Each structure stands twice: as structure tokens, then as C-alpha cells.
Amino acid sequence: MIKGITFIRPVHSPAHFDELVSFFSALGFEPGRGWDEPPRSPGSASRGRPFLAPLGNLEFVDGIPPTPGTDLLIEVTALDTIHQVAQRWLETKSATGAVGPHITAIEDTHWKSRLFTVQPVPGFSVAFWEWQNPFRGKVIALEGDLSAQDMSFAIVVARWNAVITERLLQGALDALLRSGAQRKHIEIVRVPGSWEIPATARQLAETHKFDAIITLGCLIRGETAHYEAIYNEVARGIGQSQQDTGIPHSFGVLTCETLEQALDRAGLKSGNKGFEAAAAAIEMASLHRKIAQESSESRA
Ligand code: DLZ
């Protein structure tokens, strides 16, 4: 399963590194998890500061690229605001004599968009653009985002079939942490088996301390007497807890014919269903907030 894509951009100097981090932070990019590697030999220290965007594309171009000479192409909404922020950042830098910055005016392109380019540091050029038609490239629907920043989650994980459920748990944590959740805002609760998940999920949801509850378990038909009865009750109980408490619950309880099938769904061949359950929880928590905000705004 492909999860994400990272473009590594080596910088020319520590000063350029600091300038670029400052520039991308000023624009409101969500920071990822940075790293600092101590030197293994003299002068070999390194550091990285990732910046996250909700969508990423890898695009190969045969012929003339849409923005020749730029190192990075960033799609935005509210291009004029981004232009102002970039301009202000450059003005601060040029006032201190730190950089000799360049920024172009916003211009129309031949591909139905508006665009400007900026050089936050010499030799590194970024193009920002947005569609001229505001609905192009935008989903005309209320949708949750995949940012887990400032959100709290509870994960209820069954110990039965731990070889599978521990993998689901790792997948779920991976999705939450990559999406900006903080470890201190994730509560992991272990229960004996899937049967115990619904009651615990409900108890956690009723505290109203969590934006969403993630449930993880694994039922294997071949090894489970009363498989259908357990499965139906677990699914019903988790669904009912979600409806009664109004807190989103994501369903990461695998129902498999064999252990091999379960392993495939826990990261071997068919993705990691724990990762997917956590991603669904983030999206639903975000949607939940948006709907609540919309309805409070329409009442005001
Ligand atoms: C008893 C049982 C069985 C046979 N199989 C499973 C299973 O495949 N997956 C699972 O999560 N739990 C199983 N359990 C345990 C029950 O969910 C429950 O924990 C016990 O019956 C104790 O209430």
C-alpha cells in the first residue's frame, strides 16, 4: 500500500535552511516531524524539517513544464492572501539585509489558473497557483480533512489474535502521528477480545474527552466458535455506541476466514486496516467539527 511521497530538497547552506523553514512556516504549512542527526564524522551533522500538505502529486512532464525554472509548484486557495504573506515575509528579510528576494505579480496562465513565483532564498524558486474557476479542483461538498492536529483519540484494541491486532495498532498509530496527532493525545486501551470492545468504546466515548474512538480486533471464522454471533454483536455494539454518544467510532475489527487472510489485511498484502480505521476516524472527527461549526454559525 502506498502511503505518502516525500521530495528531499538539499539546501545550499544552514542559513538557507533556516530561511526556508521560516518562509514555509509563515505561509501556514503544517509542520511534520523534524529530525536532527548528530555528526558521525566531523562536519557531517544533518537535519530535516518536513512540511505537510493535504494532497501531493508526483508529476512527470514530457516537453515544457507549466512553470519552467521553478523548483516547487504549490496549489493553494486564496492566492492573493498567500501573495501578501510571501511579500510581507520577504520585506522583513530584505529590511534585515538577509536576502535579496524576488517575487512576481500574480498573472494568468494559459492553463486556466493564476500564478506567482517567489525566491525565498537565492537559487530556489517556488510557484504558487490556484484555479481561476474557484470550483475547479475543489470538492463541492462538506468533507472532513485528514489533519489530526489538536485532536484526541482513544484506541480500543483486543488482545485476542494479538499477532494481528498489534499490527493493526501500529498502523493506526502511524496514521494518527503522521497526520499531526500528538502521542499524549492518544489513549490506548486493551481489552481481552473483540467481544469486550463495544462496552469499552462506549465508556470512553461517554467521557467526551475524545474526538473519535478507533476499534481494533480480529475474528477468525475457522478458529472462532459462534463467529457470527460474536461478530454481529461487536458490529452492532460499536455502531450503537457511535449513534448514542454522537462520537465518531471507526470500525477496525477484521473478520477473516483464515489467519493468512488476517495477516494480509494487517499490513502484508492488502494494506493495514488499522491505518485505514485511524484515517477514517480522523476524517470523521474533522467532519463532525465542521458540521457542528456550520450549525452554530447558521444559528448565530
Ligand atoms: C472466545 C473467542 C474466540 C473463540 N475467538 C475470538 C476471536 O477470533 N477474536 C477475538 O477478538 N476474540 C475471540 N474470542 C474472545 C471473545 O471476544 C471474548 O474476549 C471472550 O469470550 C471473553 O468474553
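**Overall architecture and selected local features**

Seven helices and 13 strands make up the secondary structure of the chain. The model is a predicted one. The chain is divided into two domains: domain 1 takes in residues 14-35, 48-54 and 64-131, while domain 2 covers residues 153-299. Taken over C-alpha atoms, the centres of domain 1 and domain 2 are separated by 39 Å. Along the principal axes, the C-alpha atoms of the chain occupy a box of roughly 70 × 60 × 40 Å.

Of the 300 residues in the chain, 37% are buried. The accessible surface of the chain amounts to about 17600 Å², and carbon and sulfur atoms contribute 53% of this area. When contacts between residues at least 6 apart in sequence are considered, 68% of them join residues at least 24 apart. The chain carries 28 positive and 34 negative charges, and the mean positions of the two sets lie 4 Å apart.

Salt bridges were then examined. The structure contains 16 salt bridges. One of these is formed by the side chains of Asp18 and Arg47, with an N to O distance of 3.2 Å. Asp18 belongs to helix 1 (residues 14-26) and Arg47 to strand 3 (residues 46-48), so this pair ties together parts of the chain that are 29 residues apart in sequence. Asp18 counts as partly exposed because its relative accessibility is 40%, a value between the 20% and 50% cut-offs. Arg47, at 31% relative accessibility, is likewise classed as partly exposed.

A salt bridge is also present between Arg221 and Glu228, whose closest N and O atoms are 3.0 Å apart. Arg221 has a relative accessible area of 34% and is therefore partly exposed. Glu228 is assigned to the partly exposed class as well, with a relative accessibility of 44%.

In the pair Glu233 and Arg236, the closest N and O atoms of the salt bridge are 2.6 Å apart. Both residues lie in helix 5 (residues 227-245), where a spacing of three residues corresponds to about one turn of the helix. Glu233 is partly exposed at 31% relative accessibility, and Arg236 is partly exposed with a relative accessible area of 43%.

Ser250 is located in strand 13 (residues 249-256). Its relative accessibility is 6%, so Ser250 counts as buried, the limit for this class being under 20%. With neighbours within four places in sequence left aside, Ser250 is in contact with Ile213, Ile214 and Thr215, and also with Ala277, Ala278, Ala280 and Ala281.

Leu268 is placed in the loop that runs between helix 6 (259-265) and helix 7 (273-299). Leu268 counts as exposed because its relative accessibility of 55% is over the 50% limit. When residues up to four places away in sequence are not counted, Leu268 touches Arg167 and Leu263. Leu268 and Glu59 are 209 residues apart along the chain, and their C-alpha atoms are separated by 28 Å.

Positive phi values were noted at two positions. Asp150 is not a glycine, yet its phi is positive, at about 60°. This residue is part of the loop between strand 9 (124-131) and strand 10 (153-158). With a relative accessibility of 64%, Asp150 counts as exposed. Asn161, a residue other than glycine, also has a positive phi, near 60°. The loop between strand 10 and helix 3 (162-178) contains Asn161. Asn161 has a relative accessible area of 18%, which is under the 20% limit, and the residue is therefore buried.

Definitions and conventions:
Residues are numbered from 1 along each chain as its sequence is written. This is a predicted model: local features need pLDDT of at least 70, side-chain atom pairs count only at pLDDT 80 or more; totals for chains, interfaces and linings use all residues. Side-chain values use heavy atoms; hydrogens and water are left out. Domain bounds come from an automatic or database domain assignment. Helices (H or I, at least four residues) and strands (E, at least two) are DSSP runs, numbered from the N terminus. Buried means under 20% relative accessible area, exposed over 50%, partly exposed in between (1.4 Å probe, protein chains only). Contact means heavy atoms within 4.5 Å. Accessible areas come from the Shrake-Rupley method with a 1.4 Å probe; for residues, only the protein chains shown count as cover. Lys and Arg count as positive and Asp and Glu as negative; His and the chain ends are not counted. The place of a charge is taken as NZ of Lys, CZ of Arg, CG of Asp or CD of Glu. A salt bridge is a side-chain nitrogen of Lys or Arg within 4 Å of a carboxyl oxygen of Asp or Glu.
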